[in-house]
Amino acid sequence: MITSLRIMMRSQKVVVLCSIILSFLLIITILAPWIAPNDPIAVNLANKLQPSSFEYPLGTDHLGRCTLSRILYGARISLGFATLIFISSLGIGLIVGTIAGYKGGWLDQVLMRLCDGVMAFPNLLLILGLVGILGPGLKQVILALMLVQWVYYARIFRGMVLSLKEQNYIAAAKISGSSQWKIIKKHIVPNVLPPLAVMGTLEMGWAIMDISAMSFLGLGVQPPTPEWGAMIHEGKSYIRTNPELMLYPGLMIMLVVVTFNLLGEALSERFGVKRR
Amino acid sequence: MGTYILKRIMAIIPIFLLAILLTFGMIHLSPVDPAEAYLSAAHIQPTDEMLAQKRHEFGLDQPLHVQYVNSIIKICQFDFGISYLSNKPVWDEVTYRMPATIQLALGSIILAVLVSVPLGFLAGIKKNSGIDHFSRLLSFFGASIPSFWLGYLLIFFFSVKLDLFPVEGIGTWQHLVLPSVTLALPLIALYTRLLRASVLENLQEPYILFARTRGIHEKVIMGKHVLRIAISPMITGLGMNLGKLLTGTIIVEAVFSWPGFGRYFIEAIFNRDVPVIQCYVLLAAGLFIISNLIVDLIQMCIDPRISRKGGQHQ
């Protein structure tokens, strides 16, 4: 009892801390055009590879572009597209999971075996395979990520529908005259929200990591668009003279991924959700 | 037990056929027309006549099911077609690059096992000690750090600043150190975590208590009972994560300019070299299926309960 209370307190702290970091990042993402000191894609070769100064707080890259501005705008790409992937894979998962759970039978079997198959392979391998067919580019990477990540949500929603069909307390609530809306609000949502929250936060971290990895390989975001993985790719040639060019964007990726992972872990500890 | 092994081996055949079907569908879904890609790679201005001739040569004018059967037969003979780019058989190109990737993968697996087995075991038997906290920190950051960035950090510290290891390339054992460490860290994170969890779980088992009441020496209990049983989920993890290792090699090869299969695959994606992409996907699937089979068989040898379960299914 005391240990579980301690775990709760500790996870509470972590959740608060992570939420603060994430809201800070969210503000950066939204306000990037107003707080960025310079145009992130304005090339100025006379100013290339400058150290940090008042005009360029983190210096400039090999094309004289402001590193800080590029990092701020890069947050828009990473967080923005990760959110897009989250929402759309949640939507696909909702539809597929509901159909599978509701219809049951062979359709359920086929859909769930498909999910097993997708889950068996690491995401990046599937994404690379899909990008191999569709061709390199940000749109294709986003599409590939959506096609891979919906399976986790489909599982959760299928479980939800099954419990809706079979659980005794749902039947009991129905018999005792609860309205459909009340059953959903009181019994279904509290059950489905914790795994969804855990899955969602962990998935945001993976999506950001995968987008930046693909951009690093040159298959995702195309220049001159600022993106953290692409910035590391561009900065690697200057590792001897200007290591900060690859250091800052890497730190940002790690900060975001660590925050999402910590939050996901704290939430799963808090709600007692088993991680896969 | 023999029939169980045979059954498991037979069961992978339909999975292989399905994987071939998927990659076969991939070529037909891809917007690249093989005949056109082939001609443009050879710098020939494609005319309708030549396209038709090439399509006939590739067998693309035959009905789909005939093409599918043909591709199965070809793949069984390790014929993955001809690269659009280099005009050479894909399989030759792949086998030429494979040893470098295998070297890298083996290096990091060995490193990962050497680090994570003692670390995970000690962290498990000494819960909440300093080494346990260290192992948890390592597993957390190992899972969160992007490997391409880690690679450059290592290059920066150990090659540029300290000048201990070469920046990139292949050849001596020094060349292998940094890429292997980069590739091994996520695996170390995973295996340490797995082993720690399974040691903790094992310590709760009644047979440990029984062994202790019999007065068996603690060292013997740890070595014979805890570690031996606890290692079993790790072997599963090792097999299950070969795929992770594969994607890892793609990124690490890009960072360290390692002339392996992964870099070849990325180049193929850029050049829309579909036969190479198809070959990579098929080999990845094959590796995956076979490694799962091997893991199952090893598990069966370690833990006789599994084969008995297999027997019950018959």
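Helix axes here are lines fitted to C-alpha atoms, over the stretch in contact, and angles between them run from 0 to 180 degrees between N-to-C directions. Helices themselves are DSSP runs of H or I with at least four residues, strands are E runs of at least two, and both are numbered from the N terminus. This is a predicted model, in which local features need pLDDT of at least 70 and side-chain atom pairs count only at pLDDT 80 or more, while totals for chains, interfaces and linings use all residues. Residues are numbered from 1 along each chain as its sequence is written, with chains lettered from A and ligands numbered from 1 in the order in which they are written.

Helix H7(B), residues 147-161, and helix H8(B), residues 173-203, have axes that come within 9 Å and cross at roughly 140 degrees. That angle makes H7(B) oblique to H8(B); the cut-offs are under 35 degrees for roughly parallel, over 145 for roughly antiparallel, 65 to 115 for roughly perpendicular, and oblique for the rest. The crossing of H7(B) and H8(B) is right-handed, a word used when the near helix is turned clockwise from the far one by less than a right angle, with anticlockwise being left-handed. On the H7(B) side the contact is made by Ser147(B), Leu150(B), Gly151(B), Leu154(B), Ile155(B) and Phe158(B), and they meet Leu178(B), Val181(B), Thr182(B), Leu185(B) and Pro186(B) of H8(B). Contact means that the C-beta atoms of two residues, placed from the backbone, lie within 7 Å. Sorted by class, the contact of H7(B) with H8(B) has eight nonpolar, three polar and no charged residues. Nonpolar covers Ala, Val, Leu, Ile, Met, Phe, Trp, Tyr, Cys and Pro, charged covers Asp, Glu, Lys and Arg, and the others, Gly among them, are polar.

Now over to chain A, which has nine helices and zero strands. Its C-alpha atoms fill a box of roughly 75 × 50 × 30 Å along the principal axes. Buried residues make up 41% of its 276 residues; buried takes 20 or more other C-beta atoms within 10 Å of a residue's own, exposed takes 12 or fewer, partly exposed is in between, and the C-beta atoms are placed from the backbone. Among contacts in chain A between residues at least 6 apart in sequence, 68% join residues at least 24 apart.

H7(A) and H9(A) give you another helix pair to look at. They pack at about 165 degrees, with axes 8 Å apart, and are therefore roughly antiparallel. Their crossing is left-handed. The residues that make the contact include Ala197(A), Thr201(A), Gly205(A) and Ile208(A) of H7(A), and Val257(A), Phe260(A), Gly264(A) and Leu267(A) of H9(A). In all, the contact of H7(A) with H9(A) has 14 nonpolar, six polar and no charged residues.

How do the chains meet? Here 29 residues of chain A are in contact with 28 residues of chain B. Helices H4 (123-134), H7 (180-216) and H9 (244-271) of chain A each supply at least two residues of the side that touches chain B. That side of chain A has 21 nonpolar, six polar and two charged residues.

The largest nonpolar core has 133 residues, and those with the most contacts inside it include Ile127(A), Val141(A), Ile208(A) and Phe265(B). Such a core is a set of buried Ala, Val, Leu, Ile, Met, Phe, Trp, Tyr and Cys residues joined through C-beta atoms within 7 Å. Its largest share, 15 residues, comes from helix H5 (residues 138-166) of chain A. Leaving aside neighbours within four places in sequence, Val141(A) is in contact with Ile127(A), Val131(A), Ile211(A), Met214(A), Leu219(A) and Gly220(A).

Helix H12(B), residues 261-271, is mostly covered, with eight of its 11 residues buried. Phe265(B) is one of the buried residues of H12(B). Those buried residues pack against H4 of chain A, together with H5 (90-125), H11 (242-255) and H13 (274-302) of chain B.

Most residues other than glycine have a negative phi, and most peptide bonds are trans. Just after H12(B), Arg272(B) takes a positive phi of about 55 degrees. Ser257(B), in the loop between H11 and H12 of chain B, has a positive phi near 45 degrees, and counts as exposed with 12 C-beta neighbours inside 10 Å. In chain A, a cis peptide bond joins Pro223(A) and Pro224(A), with omega about 10 degrees. Pro224(A) sits in the loop between H7 and helix H8 (228-235) of chain A.
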